[in-house]
Amino acid sequence: QEVELECPVSQEQLMRAPRGMDPERGIGTVCEGWVKVPKPGGVKRGWTRHYAVVCDFKVFLYEFATDRASGTSIAHVFDIRDPNFSVSSVQASDVIHAPPRLIPCIFKISVTAHSTSDGTVLAHVLVLTDAESTKKYWLNILQELMRVLKAQQVFGGPTRFGCVQLYTAQQVDCMKIVHAADIIDNNHIVLAVDDGLYMVETPEASMIQIGEKKAIAVEVISQVMVVAAITGRNHNLRLYSLSALEGGDPESSAVKVDGTRGSYLMTTGYIKATGTAYIAVAYK
């Protein structure tokens with residue numbers, strides 16, 4: 001029997017469907033529509049069309065490829081819960097290459113880019129709407145959501161991660177070929193690169209090589225003090241003790257797991273009720 005291309009929705013379900021955003025749970029779509037953002041290289045190179053969606057206290061900007069087979073991709077995501085999130089109209093000095101007639105239709109989104117020892121660095125994205133009234137509509141929506149979050153004291157409430165720049169690609173060659181990374185603790189990060197495994201000490205920004213075999217994946221199982229990594233020419237799964245990373249020769253004490261040759265993907269987990277850690281590996 002031929003079926004409909006789309007699953008039918010009953011009237012009862014439509015009546016129960018949420019409209020707008022639930023401010024208590026922070027879910028739901030508030031508004032959406034077509035906008036434009038500058039092309040790479042700035043306003044002087046023109047604008048590209050994006051579809052904007054305000055959902056779950058985030059602003060999503062979707063880019064549509066000219067090749068229909070390529071589909072869509074998310075070009076930008078802005079978290080309204082970012083303490084530095086702000087929206088505002090622009091002045092002619094902000095968009096010196098834009099025609100004067102477009103300036104009333106443009107607004108600016110600002111968010112945290114990363115933090116340095118000198119303070120917080122902000123990132124800015126210009127958004128062009130089809131009319132000044134449309135710009136005001138977007139600004140009112142986003143500013144209202146900011147007021148909701150402020151009333152709920154969401155800003156500065158739950159602990160959030162901050163982005164801190166430790167190195168640049170020019171400073172460390174291996175940083176150009178990082179395949180994976182994971183957090184060991186507040187002061188240590190482990191990296192999987194072509195040159196092996198590296199441990200980064202974040203306060204001092206120092207880097208220590210802890211394994212010389214090429215590494216393509218790494219995950220930390222902190223509950224059992226183990227680092228799991230896919231390393232070597234044959235891409236075997238190896239297990240390293242966290243205590244061995246801080247001294248001695250971690251590579252010599254690593255345990256190679258039999259039957260994992262050709263591994264290319266893994267994930268880890270921990271069952272609290274039984275105190276059991278597990279590793280799932282995909283291999284060819």
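User: Hi! Which helix do Glu 132 and Lys 136 lie in, and how many residues apart are they?

Analyst: Both are in helix α2, residues 132-151, and they sit four residues apart, about one turn of the helix. Helices here are DSSP runs of H or I with at least four residues, strands are runs of E with at least two, and both are numbered from the N terminus. This is a predicted model, where local features need pLDDT of at least 70, side-chain atom pairs count only at pLDDT 80 or more, and totals for chains, interfaces and linings use all residues. Residues are numbered from 1 along each chain as its sequence is written, and side-chain values use heavy atoms, with hydrogens and water left out.

User: What do Glu 132 and Lys 136 form?

Analyst: A salt bridge, with the closest N and O atoms 3.9 Å apart. The term means a side-chain nitrogen of Lys or Arg within 4 Å of a carboxyl oxygen of Asp or Glu.

User: How many salt bridges are there by this rule?

Analyst: The count is four. Among them is the one between Lys 214 and Asp 194, also with 3.9 Å between the closest N and O atoms. Lys 214 lies in the loop between β11 and β12 and Asp 194 in the loop between β9 and β10, so the pair ties together parts that are 20 residues apart in sequence. Another joins Arg 81 and Asp 79 at 3.1 Å, N to O.

User: Switching to rings: how many aromatic pairs does a search of the whole structure find?

Analyst: Three. Rings of Phe, Tyr and Trp (its six-membered ring) pair if their centres lie within 6.5 Å; planes under 30 degrees apart are stacked, over 60 edge-to-face, and the rest tilted. One of the pairs is Phe 60 with Tyr 62, which is stacked at 6.3 Å centre to centre, with 25 degrees between the planes. Tyr 137 and Trp 138 are edge-to-face instead, at 6.4 Å and 75 degrees.

User: Is Trp 138 buried or exposed?

Analyst: Trp 138 is buried, because its relative accessible area is 5% and buried means under 20%, exposed over 50%, and partly exposed in between (1.4 Å probe, protein chains only). Tyr 137 is partly exposed at 41%.

User: And the sheet with β12: in what order do the strands come?

Analyst: The order is β12-β13-β14-β15, an open sheet of four strands with antiparallel pairing. Strands pair if DSSP finds at least two bridges between them. The edge strands are β12 (215-221) and β15 (255-256), each pairing on one side only.

User: Which residue in β15 stands opposite Arg 238?

Analyst: That is Lys 256.
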